[in-house]
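Please keep the structure in view while reading the points.

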Amino acid sequence: MKLNGKIIREQIAAAEWEMFQATHQKGGRASCQDDWDTFYRMRLAQFNAWSDEAAESYLEDLRAAGAQGRNLIAEKYLHMMEHTYPAEYEAQKHFLPSLSEEKRMLANEICDEMIAQTIPLRQAFPHVSETGRPLFRSEDRPGVTSIQTYQLGELLTYSEKTLQLLKKHLFVLQAEGRSLAEEVMSRSVCSYGFSSLGDAERYLAKRTGAEYGNG
């Protein structure tokens, strides 16, 4: 029986959370591993912006990985370490499955497009953007991982089928004059009760002004 979109995304969040709990990161367990509420909001915001086809394919990836004893969340963090902790990455990269050139090409193409879409968002909504990660890989430093590094690390854990469907969705939205990056950011702030990105930006600008005695 085909699952509906809401159930697909709920099952993605549950499967990822289980893998996240089994992920051992450099420096020990992270505080975010005890924060289901934020994890759930952020992951649902991302996958609610995807097409049902792409979300269902990713759920299949998670199930297949679980059956093989693989942890896609742990693999994501290991991919990220190529840029944040290169020496440790070199010592552990043999744990990662080999990547086809097609997968690398698709992951990089999607990542580059998402970064290109995010640049104007950071200019239009600077206060919202300041609450998240830095944007570019060049801004990576110990304990701080950029959107670019995080995003590519995650994309490299998806199957080629999921990447192809996500790319298709990305460019369908673009043809409609919409941005997947904006859809994700908007859904993220709305999950905290804001009506729109503009609403969140005004609230954060006013709060920042008040903190510095300008409000």
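1. H79 has a relative accessibility of 6% and so counts as buried (buried is under 20% relative accessible area, exposed over 50%, partly exposed in between, with a 1.4 Å probe and protein chains only). H79 belongs to helix α4, residues 72-84. Helices here are DSSP runs of H or I with at least four residues, numbered from the N terminus. With neighbours within four places in sequence left aside, H79 is in contact with Y89, L96, L99, G153, L156 and T157; contact means heavy atoms within 4.5 Å.

2. On the basis of these notes: the model is predicted, local features need pLDDT of at least 70, side-chain atom pairs count only at pLDDT 80 or more, and totals for chains, interfaces and linings use all residues. Residues are numbered from 1 along each chain as its sequence is written, and side-chain values use heavy atoms, with hydrogens and water left out.

3. Helix α6 covers residues 101-124 and contains K103. The 24 residues of α6 should span 34 Å at 1.5 Å a residue, and its end C-alpha atoms are 35 Å apart, which agrees; the expected span is 1.5 Å times one less than the number of residues. Among the buried residues of α6 are K103, L106, E113 and Q117. Their cover includes α7 (126-130), α8 (147-155), α9 (160-175) and α10 (180-190).

4. What is the nearest side chain of opposite charge to the buried K103? It is E160, 6.6 Å away, and K103 has no salt bridge (a side-chain nitrogen of Lys or Arg within 4 Å of a carboxyl oxygen of Asp or Glu). Lys and Arg count as positive and Asp and Glu as negative, while His and the chain ends are not counted. Beyond four places in sequence, K103 is in contact with L156, Y158, S159, E160 and L163.

5. The whole structure has 13 aromatic pairs. Rings of Phe, Tyr and Trp (its six-membered ring) pair if their centres lie within 6.5 Å; planes under 30 degrees apart are stacked, over 60 edge-to-face and the rest tilted. W17 and W36 are edge-to-face because their ring centres are 5.3 Å apart and their planes at 70°. This pair links distant parts of the chain, 19 residues apart: W17 in α1 (residues 5-21) and W36 in α2 (residues 36-48). W17 is buried at 18% relative accessible area, whereas W36 is partly exposed at 36%. Ring pairs join W17, F20, W36, F39, Y40 and Y77 into a cluster.

Technical notes. Helices (H or I, at least four residues) and strands (E, at least two) are DSSP runs, numbered from the N terminus.
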